[in-house]
Amino acid sequence: MNPIQWFSEISNELWPGQCFSLKVQKVLHEERSKYQDIKIVQSESHGVVLILDGIIQCTERDEFAYQEMISFLPLCCHPNPQRVLIVGGGDGGVAREVVKHPAVQEVHQVEIDERVVELSKQYLPFMACGFESPKVRLTIGDGFEYMKQHEGAFDVIITDSSDPIGPAETLFRESYFELVKRALKPGGIICSQGGSFWLDAGHVRETLDYCRKHFPRVTYGLAAVPSYPTGQIGFFIASLNPETDFREPARKFDDTEIDQMGMRYYTTDIHRSAFTLPRFAAKALNP
């Protein structure tokens with residue numbers, strides 16, 4: 001943090017030559033957990049901000065866009081998503097959204113860093129409220145080991161990971177997609193944080209190709225999140241059902257239902273549009 005209290009998200013590995021900055025009013029908490037550096041700040045323009053290893057994970061101002069899309073894109077592509085697994089997501093935001101879907105009966109979540117959960121409950125209660133649902137069963141542990149012990153168990157698996165460096169790098173490899181496939185029920189669907197093609201289309205394409213080796217239907221969707229690098233983030237979405245039409249949701253919600261669920265970003269029309277890519281990106285990412 002420089003003397004005039006700005007936080008700058010600098011990463012020469014992930015987005016060389018550029019960064020996003022926020023003016024900080026107050027540092028709420030700083031510590032080194034067993035797994036990562038954790039910082040929580042009160043920003044002037046984006047509310048409370050969670051930062052892990054120097055990278056913004058969420059801001060109070062726009063977190064709902066990411067949480068709703070990583071949750072409802074896969075949930076609404078599945079005809080009956082009763083049993084859901086969340087890998088990561090220690091801030092509680094994805095759980096908050098997943099439990100809203102009326103078909104969801106059980107949400108199993110595995111987060112490796114207990115301190116992220118504890119600090120989110122303290123400083124990000126608007127997200128950590130997701131853990132309060134009776135549908136949610138939280139396990140502190142390793143997602144890889146959890147899935148190895150739960151083969152054929154889930155309708156939908158959502159991986160809410162940080163970026164592909166350090167510990168999260170393994171979540172973007174072929175072995176991960178092989179593992180999540182085994183943890184799915186027949187016809188199951190997965191969704192993972194997929195970075196930005198504006199930053200590294202080659203890495204996005206490589207990860208999609210890993211996924212294509214294990215799933216008959218694979219695509220890439222988009223959401224606009226201003227506090228993420230390039231203002232966009234993508235999602236790897238795949239289905240074991242070769243007939244899945246990602247563009248046309250199996251479950252549609254009207255405006256009244258959307259409002260009753262407290263949704264601010266996701267709609268059926270947004271769902272359909274999420275899979276329309278700019279021409280250069282479609283050519284770079286599609287086989």
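Analyst: Happy to, and let's begin with a turn: S2 and S3 are joined by a hairpin through four residues. Helices (H or I, at least four residues) and strands (E, at least two) are DSSP runs, numbered from the N terminus. This is a predicted model, where local features need pLDDT of at least 70 and side-chain atom pairs count only at pLDDT 80 or more, while totals for chains, interfaces and linings use all residues. Residues are numbered from 1 along each chain as its sequence is written, and side-chain values use heavy atoms, with hydrogens and water left out.

User: How many bridges join S2 to S3, and which way do they run?
Analyst: Seven bridges, and S2 and S3 run antiparallel. Two strands count as paired if DSSP finds at least two bridges between them. Lys26, for instance, has Gln42 in S3 as its bridge partner.

User: What sheet are they part of?
Analyst: An open, antiparallel sheet of five strands, in the order S1-S2-S3-S4-S5. S1 (6–10) and S5 (55–59) are the edge strands, each with a single partner strand, so one side of each has no neighbour in the sheet. On average, neighbouring strands here are turned by 50° against each other, direction ignored. Axes are lines fitted to C-alpha atoms, for helices over the stretch in contact, and angles run from 0 to 180 degrees between N-to-C directions.

User: What about the other pairings there?
Analyst: S1 and S2 run antiparallel, joined by five bridges, and Trp6 has Lys23 in S2 as its bridge partner. S3 (residues 37–43) and S4 (residues 48–52) are also antiparallel, with five bridges; Lys39 stands opposite Ile51 in S4.

User: Which helix lies across S2, S3 and S4?
Analyst: Helix H3 (residues 114–123), which runs at about 105° to S2 (19–32).

User: Switching topic: what is the order of the sheet with seven strands?
Analyst: S8-S7-S6-S9-S10-S12-S11, an open sheet with mixed pairing. S8 (136–140) and S11 (217–224) are at its edges; each has a single partner strand, so one side of each is left without a neighbour in the sheet. The twist averages 15° from one strand to the next.

User: How do S10 and S12 pair?
Analyst: In the antiparallel sense, over five bridges. Ser192 stands opposite Phe236 in S12.

User: Which strands does H1 lie across?
Analyst: S6, S9, S10, S11 and S12, and H1 runs at about 155° to S9. Helix H6 (residues 174–183) packs on the sheet too, touching S6, S9 and S10, with its direction at about 140° to that of S10.

User: And the hydrophobic part: how many residues has the largest nonpolar core?
Analyst: 39 residues, with Leu73, Val98, Phe235, Ile237 and Tyr266 making the most contacts inside it. A nonpolar core means a set of buried Ala, Val, Leu, Ile, Met, Phe, Trp, Tyr and Cys residues joined through side-chain atoms within 4.5 Å. Buried is under 20% relative accessible area, exposed is over 50%, and partly exposed is in between (1.4 Å probe, protein chains only).

User: Which element gives the most to this core?
Analyst: H1, with nine residues. Apart from this core lies another, of 29 residues, including Val204, Val218, Leu222 and Ala281.

User: What does Ile237 touch?
Analyst: Not counting residues up to four places away in sequence, Ile237 touches Leu73, Ile189, Ile190, Cys191, Arg217, Val218, Thr219, Phe246 and Phe275. Contact means heavy atoms within 4.5 Å.

User: Is Thr159 buried or exposed?
Analyst: Buried, at 2% relative accessibility. Thr159 lies in strand S9, and its side chain makes a polar contact with the side chain of Tyr176 (2.7 Å). A polar contact is a pair of N or O atoms within 3.5 Å; within protein, one must be able to donate a hydrogen and the other to accept it, and residues adjacent in sequence count only if both atoms are side-chain atoms.

User: One backbone question: what is the phi of Asp53?
Analyst: Positive, about 50°, although Asp53 is not a glycine. Most residues other than glycine have a negative phi. Asp53 is in the loop between S4 and S5 and counts as partly exposed, at 39% relative accessibility.
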